[in-house]
Amino acid sequence: MRPKVLAVSLAGVVGAAALACLVVFALSAPVEGLSMDPALAPGDRVLANPFGDRAPDRLDVVSVHPPRSSVTAVKRVVGLPGDRVRVHGGRVLVRPAGRDDWLAVSYSRAAPGQCCAADGRAGADADAVVPPGHYFVLGDNLGASTDSRSYGFVAAADVVGVVALRVWPSVGAPDRPSLTPATG
């Protein structure tokens with residue numbers, strides 16, 4: 001009787017290990033490049049919820065198919081539909097829909113350049129309104145990120161999923177910047 005219990009226990013452990021390997025390597029997506037540093041590093045693997053049970057919230061990390069690109073990218077949602085966004089003076093600013101005040105997104109790295117043109121791309125020193133059914137996304141490392149400043153707003157249909165978890169080399173949720181009232 002004991003060998004049978006041992007065999008069943010061993011089979012359970014092997015099955016759990018196989019499932020963990022499947023999740024980590026088959027269902028997760030790799031982070032490439034430095035665009036999400038320091039929240040996510042090159043080689044990290046993330047698990048995004050593809051089932052569409054919730055729309056992304058501001059500051060969520062998402063997996064997206066950027067416009068006119070064949071790659072999947074991992075970026076942070078800064079602007080939701082109806083929000084005003086602006087990158088100016090080394091700061092990322094957002095004015096949520098229905099509010100009169102601007103909020104600054106706290107990044108550990110300064111934001112080079114300025115934006116936003118009406119389509120969300122860089123080059124203009126103005127603010128842009130995120131259209132319905134779209135998001136404004138940025139990498140956390142703004143100096144090394146190709147994001148909405150390059151390709152414009154991302155359609156909701158191009159959001160693969162909200163990144164729920166980093167699963168390799170460590171397990172945990174990606175760090176999240178904060179929003180603070182913008183002054184000046």
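**Entry 1: a starting point.** In which strand is Thr 180 found? I found Thr 180 in strand S12. Strands here are DSSP runs of E with at least two residues, helices are runs of H or I with at least four, and both are numbered from the N terminus. Thr 180 counts as partly exposed because its relative accessibility is 36%; buried means under 20% relative accessible area, exposed over 50%, and partly exposed in between, with a 1.4 Å probe and protein chains only. I also noted that Thr 180 and Leu 93 are 87 residues apart in sequence but 9.6 Å apart in space, C-alpha to C-alpha.

**Entry 2: ground rules.** I am reading a predicted model, where local features need pLDDT of at least 70, side-chain atom pairs count only at pLDDT 80 or more, and totals for chains, interfaces and linings use all residues. Residues are numbered from 1 along each chain as its sequence is written, and side-chain values use heavy atoms, with hydrogens and water left out.

**Entry 3: confidence.** I checked pLDDT, the predictor's confidence in each residue from 0 to 100. The protein chain averages 83, and 80% of the residues score at least 70.

Entry 4: I traced an open sheet of five strands in the order S8-S5-S6-S7-S12, paired antiparallel. Strands pair if DSSP finds at least two bridges between them. S8 (128-129) and S12 (179-181) stand at the edges with a single partner strand each, so one side of each has no neighbour in the sheet. S12 is joined to strand S7 (residues 103-105) by three bridges, and the two run antiparallel. In that pairing, Val 105 stands opposite Leu 179.

**Entry 5: the seven-stranded sheet.** I then followed an open sheet with the order S1-S2-S11-S3-S4-S9-S10, again antiparallel. Its edge strands are S1 and S10, each pairing on one side only. S1 (residues 29-30) and S2 (residues 45-49) run antiparallel and share two bridges, with Ala 29 opposite Val 46. On to S11 (residues 159-168): five bridges join S2 to this strand, also antiparallel. Here Val 46 faces Arg 166, and Ala 48 faces Val 163.

**Entry 6: an aromatic pair.** How many aromatic pairs does the count give? I get one, where rings of Phe, Tyr and Trp (its six-membered ring) pair if their centres lie within 6.5 Å, and planes under 30 degrees apart count as stacked, over 60 as edge-to-face and the rest as tilted. The pair is Phe 136 with Phe 153, edge-to-face, at 6.2 Å centre to centre and 65° between the planes. Phe 136 lies in S9 (residues 134-138) and Phe 153 in the loop between helix H2 (148-151) and strand S10 (154-155), so the pair ties together parts 17 residues apart in sequence. Phe 136 counts as buried at 1% relative accessibility, and Phe 153 counts as buried at 10%.

**Entry 7: lining of the largest pocket.** Which residues lie nearest the centre of the largest pocket? I listed Glu 32, Val 71, Thr 72, Ala 73 and Val 74, out of 18 lining residues. A pocket is an open set of points on a 1 Å grid over the protein atoms alone, where a 1.4 Å probe fits, with protein on both sides within 12 Å along at least five of seven lines; lining residues have an atom within 4 Å of a point. S4 gives the largest share of the lining, three residues.
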